[in-house]
Amino acid sequence: MLHRPLLALVLATSVAGAQQPLPANAEARSLLGQPLVPPPLPAATLEAHTARLAEARRGFEHTPDNADSVIWLGRRTAYLGRYREAIAIFSDGIRDHPEDARMYRHRGHRYLTIREFDKALIDFERARGLIAGTPDQVEPDGIPNARGIPTSTLHSNIRYHLGLAHYLKGHFDAAARIYAEDVAAARASNNPDMVVASSLCL
């Protein structure tokens with residue numbers, strides 16, 4: 001992560017650039033105001049992601065009212081670098097499933113991707129409120145690891161990305177509190193992967 005004073009300086013100088021219209025092929029602006037274009041994917045990866053998006057779209061067309069169908073359509077769209085389109089999909093999902101924390105978790109993730117940190121914070125705080133007092137659940141990986149074993153959960157992903165949103169806004173104490181909470185929860189659930197992931201952010 002960026003050193004704290006450097007991040008604060010970058011955030012202070014990025015507002016004007018963020019307000020300028022984006023070029024047609026850009027999805028976001030960097031914190032220094034430069035247009036960000038999704039990098040080209042290797043041919044095999046592009047083919048695989050495109051095929052999985054087509055499958056997700058068929059699933060959505062078959063069951064458009066199903067929350068899982070919406071989530072996978074949005075996730076598969078984002079894996080192709082179409083982040084703003086994915087945000088629109090999740091926004092439609094929130095309209096139809098306003099109490100489903102996963103919608104806010106995934107839309108917030110993509111707001112982080114396009115550097116809209118305030119919107120991301122709102123989504124993650126809403127997601128955190130919705131999961132309060134509910135059992136945790138394993139969150140399936142869209143791009144599985146080498147062993148094909150998911151290592152994160154809905155609760156841990158919401159906490160992790162909420163902490164990241166606070167960090168990127170310069171709310172360092174809030175970020176540290178959330179990551180400490182996430183480390184404690186990961187230890188309690190015997191999840192060493194999340195212990196490492198969140199410990200690195202402290």
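Which helices each supply at least two residues of the lining of the second largest pocket? I looked this up in a predicted model. Helix 4 (67-79), helix 6, helix 8 and helix 10 (192-199) each do.

**Entry: the pocket.** I read a volume of about 360 Å³ for the second largest pocket. Its lining has 21 residues. Arg 75, Arg 105, Asp 141, Ser 152 and Asn 157 lie nearest the centre. I sorted the lining by class and got six nonpolar, nine polar and six charged residues.

**Entry: helix 6 with helix 8.** Two of the lining helices, helix 6 and helix 8, were next. Helix 8 spans residues 154-168. The two axes come within 10 Å and cross at roughly 35°. I noted a left-handed crossing. On the helix 6 side I found Ala 101, Arg 102, Arg 105, His 109 and Leu 112. They meet Leu 154, Asn 157, Ile 158, His 161, Leu 164, Ala 165 and Leu 168 of helix 8. This contact divides into seven nonpolar, three polar and two charged residues. Arg 105 and Asn 157 belong to this contact, and both are among the residues nearest the pocket centre.

**Entry: helix 6 with helix 7.** I then checked helix 6 (residues 101-113) against helix 7 (residues 117-131). They pack at about 160°, with axes 8 Å apart. That angle is over 145, so I logged the pair as roughly antiparallel. Here too, helix 6 passes its partner, helix 7, in a left-handed crossing.

Key: Residues numbered from 1 in each chain as written. Predicted model: local features only at pLDDT ≥ 70, side-chain atom pairs only at ≥ 80, totals over all residues. Heavy atoms only, no water. Axes fitted to C-alpha atoms, helices over the stretch in contact; angles between N-to-C directions. Helix = DSSP H or I, 4+ residues; strand = E, 2+ residues; numbered from the N terminus. Parallel < 35°, antiparallel > 145°, perpendicular 65-115°, else oblique. Left-handed = near helix turned anticlockwise from the far one by under 90°. Contact = heavy atoms within 4.5 Å. Nonpolar A, V, L, I, M, F, W, Y, C, P; charged D, E, K, R; others polar. 1 Å grid on protein atoms, 1.4 Å probe; cavity = no way out; pocket = protein on both sides within 12 Å on 5 of 7 lines; lining within 4 Å. Points joined across faces, edges and corners; volume = space filled by probe spheres on them.
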